Amino acid sequence: KQNLFAQAPTGIGKTISTIFPSLKAIGEGKAEKLFYLCAKNITASVAYDTIALLQKQDVSFKTVCITAKDKICLLEERNCDPKVCPYAKGYYDRNKNALYELLSGEDFMNKAVIVHMAKQHDICPFELSLDASLSADVIICDYNYVFDPHVRLQRYFADGERGEYIFLVDEAHNLVERAREMYSAKIEKEEFLAAKKYYEPFKSVVKQINSCNRKLLELKRECDVWKVLPEGEGIGSFVMALERLYEALNRLSETHQEWTAPKEASEFFFHVRDFLEVYEQLNEHYEVYMEHTSQGTFQINLLCVNPAERLQECCTQGISTIFFSAPLLPIRYYKELLGQGEESKAIYAASPFDTKNRLIVTAADVSSKYTRRTALEYTRIGQYIKAITNSRRGNYLVFFPSYTFRDEVEAYMEKEENVRYIRQESSMTETQREEFLDAFREQDTPTVGFCVMGGIFSEGIDLQNEAVIGVIIVGTGLPQTGSRQEILKSHYEKEGKNGFLFAYLYPGMNKVLQAAGRLIRTSEDYGVIALLDERFLQGSYRSQFPPDWTDMNIVQLSNCTALLEQFWADIEQ
């Protein structure tokens with residue numbers, strides 16, 4: 001019946017250390033159900049492995065994994081209208097037998113199991129997973145299903161309902177940005193121009209669309225690049241027009257039930273609804289601003305800077321929430337933004353791994369600063385990467401601040417012929433992700449993976465036993481300067497805080513530490529962590545390092561190789 005923040009190094013067993021006592025509490029009647037909440041599908045795999053481990057020990061419980069509608073849908077393109085989807089039509093006539101077979105035959109109901117059963121009975125797999133969850137002890141799902149007001153599971157959380165639930169929030173550092181997205185809203189002028197096409201037969205709707213468009217045009221003329229509107233001042237008349245449009249759209253659905261709205265029209269309707277709902281929530285934790293985007297659109301943004309209040313409301317619908325992650329410092333930052341208050345308990349688990357098994361080096365003669373991004377700097381960073389990866393034959397992960405920066409370094413880098421270089425791309429399928437990881441597991445050819453900080457390969461992946469012997473981190477991970485980050489910075493400064501730390505340094509260093517955590521996963525692992533940016537030598541950055549990083553070595557390109565050779569020689573002894 002309490003909440004807890006737990007920071008523990010990567011690889012020491014956070015998942016089993018939270019799942020096991022939670023199941024024990026359920027078994028003792030102290031809780032009803034466990035929600036294991038993940039930020040990304042790739043991190044859920046660790047929970048799956050842990051569940052399998054416990055079930056091999058004859059621990060009896062049922063687990064359901066909830067997969068997003070779009071990813072589990074049996075149609076080529078999802079359309080949940082029973083008039084269109086054969087799996088939705090007559091669902092409740094066929095679901096009972098499917099549910100009985102599923103629950104009586106399976107203890108671990110993942111995507112593959114649920115899809116197989118849904119196909120056998122010609123029913124919607126997503127709805128089947130929700131029905132099965134009612135009989136499950138453990139539900140593994142995305143953050144959205146507990147915290148997002150538009151996606152959360154209504155059968156558990158509608159109208160503020162409460163239950164004897166335990167919430168385990170994995171990789172909790174991700175929840176800050178995810179929650180900001182959940183509780184924010186934006187709307188673009190260009191959406192209204194496009195919407196006129198979808199609603200052309202309905203003059204009353206088109207009239208309201210035109211009214212909204214005129215209001216947005218007036219606002220657009222007042223904005224050069226971006227402009228903060230204190231407490232939403234100046235958009236009142238637009239919001240009133242938007243409310244009239246929303247009423248017209250609702251009337252349309254009631255009076256023309258035979259009309260099947262195209263997908264784009266439905267999306268527009270939900271954008272209007274979401275914007276109005278967030279507008280009703282505006283308080284001191286929000287910033288309202290308008291902006292001309294780099295894509296040439298004009299936006300009105302309702303930005304939730306501090307999602308603490310909304311998250312706390314969700315947490316009180318259970319009996320206990322555990323926020324755990326490898327990077328969860330400074331703890332006051334997460335306590336403030338995740339809504340638990342200073343009185344919440346927090347623990348730090350020290351790393352049990354021998355520090356002699358890893359070498360930490362920080363380069364004092366390169367930087368990823370925008371003012372330093374020249375051919376010379378890209379070349380030197382490439383020389384560092386080559387020196388580190390040549391120091392011992394093996395696999396390495398290199399993390400860059402952006403795809404563009406990676407491409408620049410790659411263009412100036414001299415590559416080895418007997419090394420396989422692979423790249424993370426901006427949009428990879430699950431199969432492509434697995435192929436990327438398999439290259440490190442095969443151990444046939446030395447592999448260097450070029451990745452991006454904060455991406456899919458910087459957390460949640462588990463490459464052990466020489467699958468990776470070095471992690472190279474280029475840059476400090478700071479978010480790009482732009483309207484959003486500058487507005488966050490200004491907001492914190494108005495509250496008397498250091499805006500740069502809250503808007504840039506804390507989230508940036510979080511990415512750095514997550515990437516570094518890919519190296520040491522077990523007591524048998526060893527290797528090099530290289531930080532390629534002179535800013536890591538500054539006190540504000542070093543203060544974010546884990547307590548066991550006291551043995552950091554400062555290097556330059558001229559003496560880096562000698563230090564690496566000595567480290568590998570010591571490892572061989």
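Predicted model: local features only at pLDDT ≥ 70, side-chain atom pairs only at ≥ 80, totals over all residues.

**Entry 1, the arginine.** I listed what R521 touches, leaving out neighbours within four places in sequence, and found T10, G11, F353, I461, D462, L463 and Q464 (contact means heavy atoms within 4.5 Å). R521 sits in the loop between α20 (499–516) and β18 (527–532). I took helices (H or I, at least four residues) and strands (E, at least two) as DSSP runs, numbered from the N terminus. R521 counts as buried because its relative accessibility is 9%; buried is under 20% relative accessible area, exposed over 50%, partly exposed in between, with a 1.4 Å probe and protein chains only.

Residues are numbered from 1 along each chain as its sequence is written, and side-chain values use heavy atoms, with hydrogens and water left out.

I then traced an open, antiparallel sheet of four strands in the order β7-β10-β9-β8; two strands pair if DSSP finds at least two bridges between them. β7 (185–188) and β8 (226–228) are at the edges with a single partner strand each, so one side of each has no neighbour in the sheet. From one strand to the next, the twist averages 15 degrees.

**Entry 4, β7 and its partner.** Four bridges join β7 to β10 (residues 298–304) in the antiparallel sense, and I187 stands opposite I300 in β10. Helix α10 (residues 189–198) lies across β7 and β10, at about 55 degrees to β7. Helix α11 (residues 203–221) packs on the sheet too, touching β9 (286–292) and β10, with its direction at about 85 degrees to that of β10. For these angles, axes are lines fitted to C-alpha atoms, for helices over the stretch in contact, and values run from 0 to 180 degrees between N-to-C directions.
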